[in-house]
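Here are some exercises to work through with the model open beside you. Try each task before reading its solution.

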Amino acid sequence: MRYLFGRLMQVGLVMIVVSFVSFSMFNFVGDPLSSLLPEDATAADADRMRDALGLNDSVMTQYGRFMANAVQGNFGISYRLKQPVTELIASRLPATLELVAVSAVIAIVVGVTAGVFCGIRPKSWASKTILSSSLAGVSLPTFVMGIALIYIFAVTLKWLPSSGRGGTVDLGVWKTSLLTVDGWRSILLPAITLSLFQTTMILRLVRAEMLEVMRADYIKFARARGLTDRAINFGHALRNTLVPVTTVIGMNIGGLIAFSVITETVFQWPGTGLMFIQAVGFVDIPVMAAYLLFVAGLFVLISLTVDLLYFLIDPRIRLS
Amino acid sequence: MIDTEKTSRLSRFLDNDMVWSFTHSPMAMAAGIATLLFFCAALFAPIIAPFNPFDPAQVMLWDGKLPPAWADGGLPQYILGTDDQGRDLLSTMLYGGRLSILVGLAAVLLGMVLGTTLGVISGFAGGLTDVIIMRIADVQLTIPGILTAIMINGFGRAFLPIEYHNQFAIYFVIIAIGLSDWPQFARVTRGATMVERNKEYVQAARVIGLPNWLIILRHVLPNVMRSVIVLSTLSFAIAIISEATLSFLGQGIPSTTPSLGTLIRVGNEYLFSGLWWIAFFPSLTLVLLVFSVNLLGDKLRDILDPKLR
């Protein structure tokens, strides 16, 4: 419980720091008056405006107002798109979340399978090949991987589209591309690109953990009891690697969101990451500030969820 | 013994068991030599490069988008072809690699100095100082480094009028990557410092009345340096990727003085028209560079600091 309390404190701290940075962006970068006042305005007009906007209040009062607005989901209007920022994020969010979800599934399935395989048969040539190519995977920047896939599958072979989401289906609040064939064809390349780095991380970790666990006494006893290889590998060994693996997967989902900024740019995927990069290019401060706050919130949520998952997975943590 | 007295510092260094394990690991040597080659290419770029890509007199716009020398339509003087502005690709890459390595080194240096200083202070002082510094590090570690770098860089640019962006781009990139990197150093050095702090030699130094800063500088710091060296190498690889990523996103080094990442971004725009070489050769160079540095870091870790995972 004390641990959980400490974590919550930390979460609060993260959010306060990030919201303050985000607020400073809003208030101190550029002059909000210049875009609001008519050209022939006098100094008295400017003063009146400043008063009306509350810019003469103390910093803390202004920060309080900013937070009150933020909590209500009000981040102002994008300079570039002239659209409320909250609406903008909401319309872009499904694309990013779907991309991250598909990549996470690929990374977990491929990473765990290959990791278990390499852990069980460390000496086979297949494991050695997988392992050495995984080091190359770590050295391959996301965007280079994306460009390579586009060049091979979209430009040369012309099998898959190189950009966009393909056809989408409107489910009311959520526009999904996972219900059309076209959408699946479009998500394949970006999802593989995004998952590559995480796959190698999960693979290496699962392999290391499996090697460690396979030496344990309870595995030998399980062998002596005459259990099948399958029961030993999956029922006993894999299960005991789950705690560290969950931590890393949790952290990696955060990584997926970070790297989605890059992948979305390479594939012109219409998600929040692409929106952010375009906002940075245009110095569209409301969008930048809101994205910062939004991403921080997301990360905090993920790391809390991972912590809570420990309690479910490992009864020993509950006791200590 | 006259022999031992004559032994120079250099030969004592070469006699070290760590140097022995390094020179007797083929992988470590290969990675070390490859990294060294990249550094030499960067250092001597103005001498090696067949053209000076920044000299307008040597750049022929009508020679733009030429394929490599061996392909149809390639000219023999442009070995790897030319980019969209008619600059010789090989020369531009040599200068670009130089810039990438320079930015990587500067960023790691910034992260290392900042992180190590804060980490050692944190571990040595303990108490409230420790709590505050480590909390800040924790907060920052919640968000992946590359995202922090993109944000610091983006917000840094936001404070400056657009016309100055290109001029100051390189400094923003260095600061952004360096600031995104320090918590790793702080964590590792703090841990190492806390171990050293309670050892007898530090207590002995205290007893003879040495001031804290001298103890830190002369006694603690040399003993945490191993971890710092390993971490710096691995961070250097990440810093190069980060710089390339920022430049690729159009948020980094401008295309007037391109880095490898900038070249890849430019090449990416021409990929669909079949001009594969502008993106391919810089990408290959980048991957090989990062791979050598990563491998070197991996081996150094095995040799210098097996505890570090």
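**Exercise 1. Judge the confidence of this predicted model, chain by chain and then for the complex.**

Start with chain B: its mean pLDDT is 82, and 88% of its residues reach 70 or more. Helix 1 (residues 2–6) of chain B has the lowest mean pLDDT, 51, while helix 6 (residues 89–125) of chain B has the highest, 90.

Among the elements of chain A, the lowest mean belongs to helix 2 (residues 32–36) of chain A, at 55, and the highest to helix 5 (residues 85–120) of chain A, at 88.

Finish with the complex, for which the predictor gives an ipTM of 0.78 and a pTM of 0.83.

**Exercise 2. Describe the secondary structure and the burial of each chain.**

Take chain B and count its elements: there are 13 helices and zero strands. Of the 309 residues in chain B, 46% count as buried. As for contacts in chain B with a separation of 6 or more, 69% are accounted for by residues 24 or more positions apart.

Turn to chain A, where the count gives 14 helices and two strands. Here 38% of the 320 residues are buried. Among chain A contacts between residues at least 6 apart in sequence, 70% join residues at least 24 apart.

**Exercise 3. Work out how helix 10 and helix 11 of chain B are arranged and what joins them.**

First find the geometry. The axes of helix 10 (residues 200–207) of chain B and helix 11 (residues 212–248) of chain B come within 11 Å and cross at roughly 155 degrees. Because of that angle, helix 10 of chain B is roughly antiparallel to helix 11 of chain B, the cut-off being over 145 degrees. The crossing of these two helices is right-handed.

Then list the residues. Helix 10 of chain B contributes B:Tyr201, B:Val202, B:Ala205 and B:Arg206; from helix 11 of chain B come B:Ile215, B:His219 and B:Val220. Sorted by class, the contact between these helices has five nonpolar residues, one polar and one charged.

**Exercise 4. Characterise the side of chain A that touches chain B.**

Begin with the counts: 36 residues of chain A and 33 residues of chain B take part in the contact. Next, locate the chain A residues. The elements of chain A giving two or more residues are helix 1 (2–28), helix 6 (125–139), helix 7 (142–156), helix 11 (242–266), helix 12 (272–282) and helix 13 (285–313). Helix 13 of chain A supplies the largest share, eight residues. Lastly, classify the residues on this side of chain A: 29 are nonpolar, seven polar and none charged.

Key. Residues numbered from 1 in each chain as written. Chains lettered and ligands numbered in written order. Predicted model: local features only at pLDDT ≥ 70, side-chain atom pairs only at ≥ 80, totals over all residues. Contact = placed C-beta atoms within 7 Å. Helix = DSSP H or I, 4+ residues; strand = E, 2+ residues; numbered from the N terminus. Nonpolar A, V, L, I, M, F, W, Y, C, P; charged D, E, K, R; others polar. pLDDT = per-residue confidence, 0-100. Buried ≥ 20, exposed ≤ 12 C-beta atoms within 10 Å, placed from the backbone. Axes fitted to C-alpha atoms, helices over the stretch in contact; angles between N-to-C directions. Parallel < 35°, antiparallel > 145°, perpendicular 65-115°, else oblique. Left-handed = near helix turned anticlockwise from the far one by under 90°.
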